[in-house]
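Colleague: I have a model open on my screen and would like a close look at one part of it. Could you walk me through that part and then show me what lies around it?

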Amino acid sequence: MQQSITNQFNIGVSTVMVGPMDKVLDLTPEEHSIGLIKNFSLTSETNEVTLTQGLRNTQVDSQVTGVTTQMSMEVYEYTAKNLAYAAELAGENFTLSGNYAIDTAITGGDSATSVVLKGVDTAHQGDLQAGDTIALQSTSTKEYDKVYLAKVTKAEWLDNKLTITLDKAIPTGWNFAVDDRCFFVNLIPVGSDEVQPYYGVKIVGILPNGNEPVTIICPKAKVTAGFNLGFTTDNYGNMPFEFTPYDLTKEDYKAYPQLKTAFKNYNANLFVYKG
């Protein structure tokens with residue numbers, strides 16, 4: 001019977017962090033994690049061309065002509081940022097959030113051009129800006145699918161109340177009661193021609209015996225697949241993210257000297273740190 005040599009077996013969880021390329025070594029779970037993931041996989045495949053000789057074409061040499069590296073995972077947290085990453089957009093620009101109660105009942109009509117929210121503390125008084133979008137939901141009647149989207153032109157805060165002026169009146173027939181909910185929402189343009197920037201990606205996996213970390217650093221990557229938004233009743237949904245690593249260029253080294261210091265001597269696009 002073959003006997004194991006060490007206790008360094010691999011089963012467990014990992015944390016995936018996404019952030020600026022020049023900060024890739026300093027990314028933290030608190031600020032940069034994309035949340036709950038499962039089934040992280042890193043693969044690297046090489047293509048080779050082989051030289052043969054003679055009638056039997058025996059092999060005399062081979063050289064690597066291509067390397068394909070891919071990272072994939074199932075992402076379970078449907079945040080606006082993660083949805084934007086999955087749609088190959090700049091996810092860090094989609095961070096607007098808020099969930100507040102309506103302070104004054106609203107009756108749809110020509111005069112329904114404002115929404116008053118309560119419980120907005122000073123730390124969040126400036127969250128809404130002109131051009132942002134809010135979603136009003138009929139929670140008091142449990143009509144959770146009755147949602148009205150409205151665009152903001154102005155937001156004024158006083159005594160923990162936020163008065164939001166809308167760009168047009170809420171139509172007749174759309175009525176909302178006190179304590180119905182108001183969400184601050186992001187508009188995510190799926191399929192737009194906006195170019196996703198490159199990111200630095202840091203993954204930390206934990207081996208179960210001794211909690212030893214295995215750290216993966218990819219200084220330049222993009223999300224190249226993953227958008228999947230469905231609602232089913234038999235299982236939790238997830239987004240099948242794929243990250244593609246890219247080689248650093250001279251321009252990258254010029255823009256980010258710290259990357260040149262860390263990685264210039266290695267002809268690779270991904271680095272695994274393991275004791």
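Which residues is phenylalanine 241 in contact with, leaving aside its neighbours within four places in sequence?

Modeller: Happy to. A word on the ground rules: this is a predicted model, in which local features need pLDDT of at least 70 and side-chain atom pairs count only at pLDDT 80 or more, while totals for chains, interfaces and linings use all residues. Residues are numbered from 1 along each chain as its sequence is written, and side-chain values use heavy atoms, with hydrogens and water left out.

Now to your residue. With neighbours up to four places away set aside, phenylalanine 241 is in contact (heavy atoms within 4.5 Å) with Ile34, Met71, Ser72, Met73, Val75, Asn82, Tyr85, Ala86, Val223, Ala225 and Gly226.

Phe241 also belongs to the largest nonpolar core, where it is listed with Val16, Ile34, Met71, Met73, Val201 and Phe243 as having the most contacts inside that core of 22 residues. By nonpolar core I mean a set of buried Ala, Val, Leu, Ile, Met, Phe, Trp, Tyr and Cys residues joined through side-chain atoms within 4.5 Å. Buried stands for under 20% relative accessible area, exposed for over 50%, and partly exposed for what falls in between (1.4 Å probe, protein chains only). Two or more residues of this core come from each of strand S1 (14–19), strand S3 (58–75), helix H2 (80–86), S12, S13 and strand S14 (239–245). Helices (H or I, at least four residues) and strands (E, at least two) are DSSP runs, numbered from the N terminus. S13 gives the largest share, four residues. Apart from this core lies another one of 21 residues, including Ile134, Tyr148, Leu162 and Ile164.

In one of them, aspartate 252 meets lysine 220 at 2.8 Å, N to O. Here lysine 220 sits in strand S13 and aspartate 252 in helix H3 (residues 250–255), 32 residues apart. Lysine 220 is buried, because its relative accessible area is 6%, and aspartate 252 is buried too, at 10%.

Another salt bridge joins glutamate 212 and lysine 274, at 3.0 Å from N to O. Glutamate 212 lies in the loop between strand S12 (199–206) and strand S13 (213–225), and lysine 274 in the segment after strand S15 (271–273), so this pair ties together parts that are 62 residues apart in sequence. Lysine 274 counts as partly exposed, because its relative accessibility is 38%.

Aspartate 179 and lysine 118 form a salt bridge as well, with 2.7 Å between N and O. Aspartate 179, at 40% relative accessibility, is partly exposed, and so is lysine 118, at 29%.

Finally, back to the stretch between S13 and S14: the loop there holds leucine 229, which counts as partly exposed because its relative accessibility is 45%.

Methods:
Salt bridge = Lys/Arg side-chain N within 4 Å of Asp/Glu carboxyl O.
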